[in-house]
Amino acid sequence: MASTEHAVEQSTLQELAKRHLWMHFTRMSAYEEAEVPIIVRGDGCYVWDEHGKRYLDALSALFCVNIGHGRADIAQAGADQAKDLGFYTTWSYAHPPAIELAARIASLAPGDLNRIFFTSGGSEAVESAYKLARQYHKLTGKPSKTKLIAREIAYHGTSLGALSATGITSLRTPFEPLTPGAHHVPNTNTYRMTPGMTEEYFAEAIAEKIEFEGPETVAAVILEPVQNAGGCFTPPEGYWQRVREICDQYDVLLISDEVICAWGRLGEWFGAIKYDYVPDIITTAKGLTSAYAPMGAVIASDRVAEPFMTGHNSFTHGFTFAGHPICAAAMANLDAFEREGVIENVRSNEGRFRSMLEGLRDLPIVGDVRGAGYFHAIELVKDKDTKESFDDEESETLLRGFLSGELFRRGLICRADDRGDPVIQLSPPLIAGPEQFDEIEEILRSVLTEAGERMEVHADGRHYSAIEETRRG
């Protein structure tokens, strides 16, 4: 009887999901005949679906669950706080959890980034930082400084301001016209540098763009320490130091978008610490609470905050649930990081993680491996010698026609993405170690080998032909 009831419950969940749940960034038509993946439980680096099947979550539930799944202690911290104060706004009021967390974040942030403006998530943090930069320049007598410079293919969020900063055409065009004033420069994809290009070009392109737009019109530059979209583009040596010099030269604020890269993902509290620069503003979210509560933040320097702290001035911006008292979960999360040596675990194991991924270079389809910490990508190619990539139709067949479904079927959750050239992204919980790396390697090697056989892949004088349509996943 119990098993029958369980089957009925599963069937009901599928029906309700297909009828009522509108999933984000999802082709809903894909589930007309297929099941919606319904995740019901998590523990450590693993999650289970409604059928009881286990998956290694090598994406940390979208770069979020840094501490791992199933941490009742962190959830309990939020529940305990709700017993005393379930909610109060931070619009002209304060409460102990928000005060204590702000002070904690300030103690960990680089330089003089001491002012914390809470948001409900990453897009809100980027939107807030953009508005903060504009109002800052108005208050300091430079009202024409309104423009924002970001990188091509970079993803900074979905609200209209954050989407303007986002450099992915397919995400922008459905919602145009966007907030005006955002401009883009090349990202730091050293794998696809053109002949004659030097690594110095990537930073100098920012200076050239500021000069072209007019320094008196540019408010801020926003960049990720390691760029997510496109596949974990790392900065060349000296890149961030030169960008900092450029921003100082032109009186432009430097925003370090660390929605993904903060809270241990790169082996430091912040990506800015890893790459040794001090921005004017940091945007963050995700790992701040390890997603046990929805929360983000803008971390501003004393210099940026100062004009807002005098006279009748205020930052005329806010969100109802920002700084929610359940941010007590963030404090518990950070406590666990320090008590359990979570960041130290990333530092100790990132070399083994990278080595495992580098070992896949012997596969014909693997063109590049890049990233830092527990944040890496594998770029997939048709021809290693020429770095020829897959065209749009081939990428559709490779990623959505085979890889995404097959990796999941074999028990590995990661990201098969083509916002740029096709990549597989891996971002496991920060508690992962060699056991999980071995599991990732076994599944990736098997699936990528088959992917190479399914597509037209050239390597070492051999040619693999695409197989018949009937074998497409």
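On a 1 Å grid over the protein atoms alone, a cavity is a set of points where a 1.4 Å probe fits but cannot get out, and a residue lines it if one of its atoms lies within 4 Å of a point. Keep in mind that this is a predicted model, in which local features need pLDDT of at least 70, side-chain atom pairs count only at pLDDT 80 or more, and totals for chains, interfaces and linings use all residues. Residues are numbered from 1 along each chain as its sequence is written, and side-chain values use heavy atoms, with hydrogens and water left out.

Let's start inside. Searching the whole structure turns up 1 cavity of 30 Å³ or more. The largest cavity holds about 30 Å³ of space, where a volume is the space filled by probe spheres set on grid points joined across faces, edges and corners. Its lining consists of T119, P294, M295, F321, A322, G323, H324, I326 and C327. Sorted by class, that lining has 6 nonpolar, 3 polar and no charged residues (Ala, Val, Leu, Ile, Met, Phe, Trp, Tyr, Cys and Pro count as nonpolar, Asp, Glu, Lys and Arg as charged, and the others, Gly among them, as polar).

Next come the pockets, each an open set of points with protein on both sides within 12 Å along at least five of seven lines. The second largest pocket has a volume of about 880 Å³. Of the 28 residues lining this pocket, T90, I116, F117, F118 and M309 lie nearest its centre. Two or more lining residues come from each of α4 (96–108), β4 (113–119) and β10 (296–301), helices being DSSP runs of H or I with at least four residues and strands runs of E with at least two, numbered from the N terminus. Strand β4 gives the most, with 5 residues. The pocket lining divides into 19 nonpolar, 8 polar and 1 charged.

Finally, look at a helix pair. The axes of α8 (residues 200–213) and α9 (residues 239–249) come within 8 Å and cross at roughly 15°, with axes fitted to C-alpha atoms over the stretch in contact and angles running from 0 to 180 degrees between N-to-C directions. That angle makes α8 roughly parallel to α9, a label for angles under 35 degrees. On the α8 side, F202, A203, E204, I206, A207 and I210 make the contact, and on the α9 side Y239, R242, V243 and I246 (contact means heavy atoms within 4.5 Å). These contact residues divide into 8 nonpolar, no polar and 2 charged.

Key
Angles under 35 degrees count as roughly parallel, over 145 as roughly antiparallel, 65 to 115 as roughly perpendicular and the rest as oblique.
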